[in-house]
Amino acid sequence: MPDVPYRFEPTATAAELHSRFDPLDAGAETESTVTVAGRLMLRRVQGKLAFGQLQDSTGRVQLFCPAQVTERFDEFARLDLGDWIGATGEVMKTRRGELSVKVREWVLLAKARRQFPDKWHGIADVDMR
């Protein structure tokens, strides 16, 4: 496991990104590089492309991770839901119009101690609930 940084400074929050870049057209890329940090709430890997949904205290933003751009792509594809990560990359909108950060580099800030419960059925164990 790589060293966890002592301090990590994001340059933008999800709400700031949405307020500044929501008017972008679908498929548009910007020259603006940002650093975001939060909890990985969703991860989808489709061959050499991975998507993640990062949640911070202000909202959610999508992480767009092409294998040819993202450092340590294979490690990113194996992250667990709930892991705390920091990511740096260019702000863009996907072809479907989702505001995203095209991740160039990322760092694991903290590992999730427990997996999230099943999204549809919740926690089945009565004592735990």
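**Barrel and aromatic pairs**

Mentor: Five strands form a closed barrel in the order β1-β2-β3-β5-β4, with mixed pairing. From one strand to the next the twist averages 50°. Strands are DSSP runs of E of at least two residues, helices are runs of H or I of at least four, and both are numbered from the N terminus; two strands pair if DSSP finds at least two bridges between them. This is a predicted model, in which local features need pLDDT of at least 70, side-chain atom pairs count only at pLDDT 80 or more, and totals for chains, interfaces and linings use all residues. Residues are numbered from 1 along each chain as its sequence is written, and side-chain values use heavy atoms, with hydrogens and water left out.

Trainee: In which order do the elements of the protein run from the N terminus on?

Mentor: The protein has two helices and five strands. Read from the N terminus on, the elements run α-β-β-β-α-β-β.

Trainee: Which residue in β3 is the bridge partner of G52?

Mentor: Strand β2 covers residues 49-56 and strand β3 residues 59-66. The two run antiparallel and are joined by eight bridges. The partner of G52 in β3 is L63.

Trainee: What type of aromatic pair do F51 and F64 form?

Mentor: Rings of Phe, Tyr and Trp (its six-membered ring) pair if their centres lie within 6.5 Å; planes under 30 degrees apart count as stacked, over 60 as edge-to-face and the rest as tilted. The count by this rule is two aromatic pairs. For F51 and F64, the centres are 5.5 Å apart and the planes 55° apart, which makes the pair tilted.

Trainee: Is F51 buried or exposed?

Mentor: Buried means under 20% relative accessible area, exposed over 50%, and partly exposed in between (1.4 Å probe, protein chains only). F64, at 14% relative accessibility, counts as buried. F51 has 11% relative accessibility, so F51 counts as buried.

Trainee: How many residues apart in sequence are the parts tied together by F76 and W106?

Mentor: F76 and W106 form an edge-to-face pair, 5.7 Å centre to centre with 75° between the planes. F76 lies in helix α2 (residues 73-77) and W106 in strand β5, so the pair ties together parts of the chain whose separation in sequence is 30 residues.

Trainee: Which residue lies over the face of W106?

Mentor: A charge sits over a ring if NZ of Lys or CZ of Arg is within 6 Å of the ring centre and within 35 degrees of the ring normal. At 4.3 Å from the ring centre of W106, the residue over its face is R72.

Note on methods
Axes are lines fitted to C-alpha atoms, for helices over the stretch in contact, and angles run from 0 to 180 degrees between N-to-C directions.
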